[in-house]
Amino acid sequence: MNTQDVISMFDDYVIANYGRLPKVITKGQNNTLEDLDGNKILDMFPGWAVSGIGHCHPKVVEALRKQAGELLHIDNTFYTVEQGQLAKKLSERAFGGQCFFCNSGAEANEAALKLARCHTPREKYKFITAEKSFHGRTLATLTATGQSKCHDGFLPLPAGFIYVPFNDIDALHEAFDEEVAAVMIEPIQGEGGIHEATPEYMQTIRDLCDEHDALMILDEVQTGMGRTGRWFGYQHYEVTPDMITLAKALGGGVAIGAMMARPEIAKSLVPGTHASTFGGNSLACAAAIAVIEAIDEDKLLDNANLMGQYTRDKLEQLREKHPIIDHIRGKGLMLGLQLNMPGACIVSRCLEKGLRINCTQETVLRLMPSMTVTQNEIDAAVAILDEVLGEGDSE
Ligand SMILES: *Cc1c(COP(=O)(O)O)cnc(C)c1O
């Protein structure tokens, strides 16, 4: 099979709901991908933020091999060691919360929204979310997503969602009333173009939620698991949320999502209110435990901080050279280059030269290297980007 054969197979048999790059990926090792033709690609956007500690991390692979020989899945009618241990590890790293496990970010947010409804009085049914947010593609989470392009074709949407401009404190005050069950935001908007919440904004959400008996939900699906240099994005702020949601990098490449809530809130999710058949199975939990252990043992939080700063410095140098870069945003290894023109063709040209990056919101180049990234890899990535941006300048 060659690349064209595979693409034809997709044309015939796979629903075409994604815009795909014309490459067939066969291997991923740490920060390098290999395609069907044997070409190597340096991956600065591994697995769309899923492969947070690189592709096929040896500790994750080893844990999966071991777990696969013992128990893949047992339903949540029983207890398992792995699910309990994973919940404990997450809890120890974030406000002593309790976990519900599922399989994706959308499901984790869905669980958070449902818990907010279960926990607060019946008349509270509204959710405040931010413009340019991204919370998933199920009906409730796409409604929570504050981007009308995601809503097109799906009206009428579930009731009760109110959108406010991100980081706008006055708008938040205005949107609040006694019917609000929860506020849900991302500490750093990912798909929205790498926009960080300000400390004042976070504090205002906390204060307003406390004042109105509403819950503060942070969607950490993209910011979680160390990418920003701390375990969770909220840990850069002085506030503690009531719930966080996780997915993407949690399983190191294996599908798993989690919703973590303060125990006094979590107790409202009683039997019959919510469930997930695959949620928290032994295989997925073993992978996530290995991810956490790898981050600890290999001191990857330190590396994320160090390499985050290094990448940022390198990108700032690029900005001085290429006026097409307006400015750079982000934290740790979650970085966005605001361009003053569309970035899609830059992404394709980088890929032709063996570098994978992403573009979001049309004009934001997004780099989310894994926490295992090295100086050499960043240098190589920046060199390719420099070359491609240079071509653009001369056109
Ligand atoms: C990717 C993402 C989601 C959705 O996760 P899925 O696993 O695709 O359902 C939700 N929130 C944020 C912040 C994300 O980045």
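Asn31 is in contact (heavy atoms within 4.5 Å) with Ile41, Leu42, Asp43, Gly54, Ser370, Thr372, Val373 and Glu377, residues up to four places away in sequence not being counted. The structure is a predicted model, in which local features need pLDDT of at least 70 and side-chain atom pairs count only at pLDDT 80 or more, whereas totals for chains, interfaces and linings use all residues. Residues are numbered from 1 along each chain as its sequence is written, and side-chain values use heavy atoms, with hydrogens and water left out.

Asn31 lies in the loop between β1 (25–29) and β2 (32–35); strands are DSSP runs of E of at least two residues, and helices are runs of H or I of at least four, numbered from the N terminus. The residue is buried (under 20% relative accessible area, 1.4 Å probe, protein chains only), with a value of 0%. Its side chain makes a polar contact of 2.9 Å with that of Glu377, the term denoting a pair of N or O atoms within 3.5 Å, where within protein one must be able to donate a hydrogen and the other to accept it, and residues adjacent in sequence count only if both atoms are side-chain atoms.

A backbone N or O atom of Ala106 is placed 2.7 Å from a ligand oxygen atom. For a polar side-chain atom of Lys248, the distance to an oxygen atom of the ligand is 2.6 Å.

Conventions. Buried < 20%, exposed > 50% of the residue type's maximum accessible area, 1.4 Å probe, protein only.
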